[in-house]
Amino acid sequence: MRKLKLQMQISINGFVGGPNGELDWMKGEWDEELRNYLIRLHENVDTILLGRKLAESFIPHWAKAAEDKADEDHIYAKQMAERHKVVFSRTLKSSPWENTVIEKELVEGVSKLKNQAGEDMIVYGGAGFVSDLIKHDLIDELHLLVDPTTIADGMTIFRDKKNFELVKSTSFSCGTVVIEYRPPGK
């Protein structure tokens, strides 16, 4: 069975976005070590899962960055652009993006994808989308990029009490700490 990994930036005090989804608090100054960590995280991933709202900016951003060989995130961007993508949406009828399909049913859709042949999958999404995946125990690994920032209020991905097991934590010279968790028994 394929694993579903979550990669998400989070503030020290547990927010993934401001009250209206603002992302201006994120520290975007990643060092080479962190870039390499993220590249390795994607090595055995062949599918990216996204919520519709994030997909609208995520897919065009990485496609453009992948074209710019001078961009310091070129290798990472290329990985993002080349991977097969599944966008979860109840409103889109078809995909306006290359190499992307639309899936309407979250739990059934993810379960079906996890049972297909292939490599692991990684999810990016907004607070609501990721929170629903966590609620339904669909995520197998959480890779939380803790930015050295706090914000007064915001959105969280943890709406219910859940227990996780620490796999490892890695600190980077840019100030970001990646904490890897997994649900018990996974």
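Trainee: Is Arg2 buried or exposed, and what is its relative accessible area?

Mentor: Arg2 is buried, with a relative accessible area of 5%. Buried here means under 20% relative accessible area, exposed means over 50%, and partly exposed lies in between (1.4 Å probe, protein chains only). The model is a predicted one, in which local features need pLDDT of at least 70 and side-chain atom pairs count only at pLDDT 80 or more, while totals for chains, interfaces and linings use all residues. Residues are numbered from 1 along each chain as its sequence is written, and side-chain values use heavy atoms, with hydrogens and water left out.

The side chain of Arg2 forms a salt bridge with that of Asp46, at 2.6 Å from N to O. A salt bridge is a side-chain nitrogen of Lys or Arg within 4 Å of a carboxyl oxygen of Asp or Glu. This pair links distant parts of the chain, 44 residues apart: Arg2 is in the segment before strand E1 (4-10), and Asp46 is in strand E2. Helices (H or I, at least four residues) and strands (E, at least two) are DSSP runs, numbered from the N terminus. In contrast to the buried Arg2, Asp46 counts as partly exposed because its relative accessibility is 23%.

The structure holds eleven salt bridges. One of them joins the side chains of Asp137 and Lys162, at 2.7 Å from N to O. These partners also belong to distant parts of the chain, 25 residues apart, with Asp137 in the loop between helix H5 (127-135) and strand E6 (141-146) and Lys162 in the loop between E6 and strand E7 (165-171). Both residues are partly exposed, Asp137 at 46% and Lys162 at 27%.

Asp140 and Lys186 supply a further salt bridge, at 3.1 Å from N to O. Asp140 lies in the loop between H5 and E6, and Lys186 lies in the segment after strand E8 (177-182), so the pair ties together parts that are 46 residues apart in sequence. Asp140 is buried at 10%, whereas Lys186 is partly exposed at 39%. Through shared partners, salt bridges join Lys114, Asp140 and Lys186 into one network.

A nonpolar core is a set of buried Ala, Val, Leu, Ile, Met, Phe, Trp, Tyr and Cys residues joined through side-chain atoms within 4.5 Å. The largest such core has 27 residues, and those with the most contacts inside it are Leu34, Leu38, Leu50, Phe58 and Tyr124. Two or more residues come from each of helix H1 (32-41), strand E2 (45-51), helix H2 (52-67), helix H3 (74-82) and strand E5 (120-124). H2 gives the most, with six residues. Another core lies apart from this one and has 25 residues, among them Leu49, Val110, Ala127 and Ile134.

Leaving aside neighbours within four places in sequence, Thr149 is in contact (heavy atoms within 4.5 Å) with Ser11, Ile12, Asn13 and Trp25. Thr149 counts as buried because its relative accessibility is 18%.
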